[in-house]
Amino acid sequence: MNKRNNRRQYVNGYEAKINYWSYKVNCAIEVGNWEKLEYANKRLVYFLQRQEEWRKENVKAEYKIETLYA
């Protein structure tokens, strides 16, 4: 699947994924499962990076729209 098409399903960013993986990190810490903690942390970092990319793309798009109508 094309990366661009894959990102279209996250029209509001990756907040839901970030919240989910933050929860999983906290759960792994509570039970002391370091393997699950490592995996959940990798996923959390991944979605934080995607969120930053999404934010940059959408801020640019908003700026272009605002400058066209200003």
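Ring pairs join Y14, Y46 and F47 into a cluster, where rings of Phe, Tyr and Trp (its six-membered ring) are taken to pair if their centres lie within 6.5 Å, planes under 30 degrees apart counting as stacked, over 60 as edge-to-face and the rest as tilted. The model is a predicted one, in which local features need pLDDT of at least 70 and side-chain atom pairs count only at pLDDT 80 or more, whereas totals for chains, interfaces and linings use all residues. Residues are numbered from 1 along each chain as its sequence is written, and side-chain values use heavy atoms, with hydrogens and water left out.

By the ring criterion, the count comes to four aromatic pairs. The rings of Y20 and W21 have centres 5.0 Å apart and planes at 80 degrees, so this pair is edge-to-face. With a relative accessible area of 41%, Y20 is partly exposed, while W21, at 13%, is buried (buried means under 20% relative accessible area, exposed over 50%, partly exposed in between, with a 1.4 Å probe and protein chains only). The rings of Y46 and F47 likewise have their centres 5.0 Å apart and their planes at 80 degrees, and are therefore edge-to-face; Y46 is partly exposed at 35%, and F47 is buried at 6% relative accessibility.

Q51, which lies in helix 3 (residues 34–69), counts as buried because its relative accessibility is 17%. Apart from neighbours within four places in sequence, Q51 is in contact (heavy atoms within 4.5 Å) with G13, Y14, E15 and I18.

How values were computed:
Helix = DSSP H or I, 4+ residues; strand = E, 2+ residues; numbered from the N terminus.
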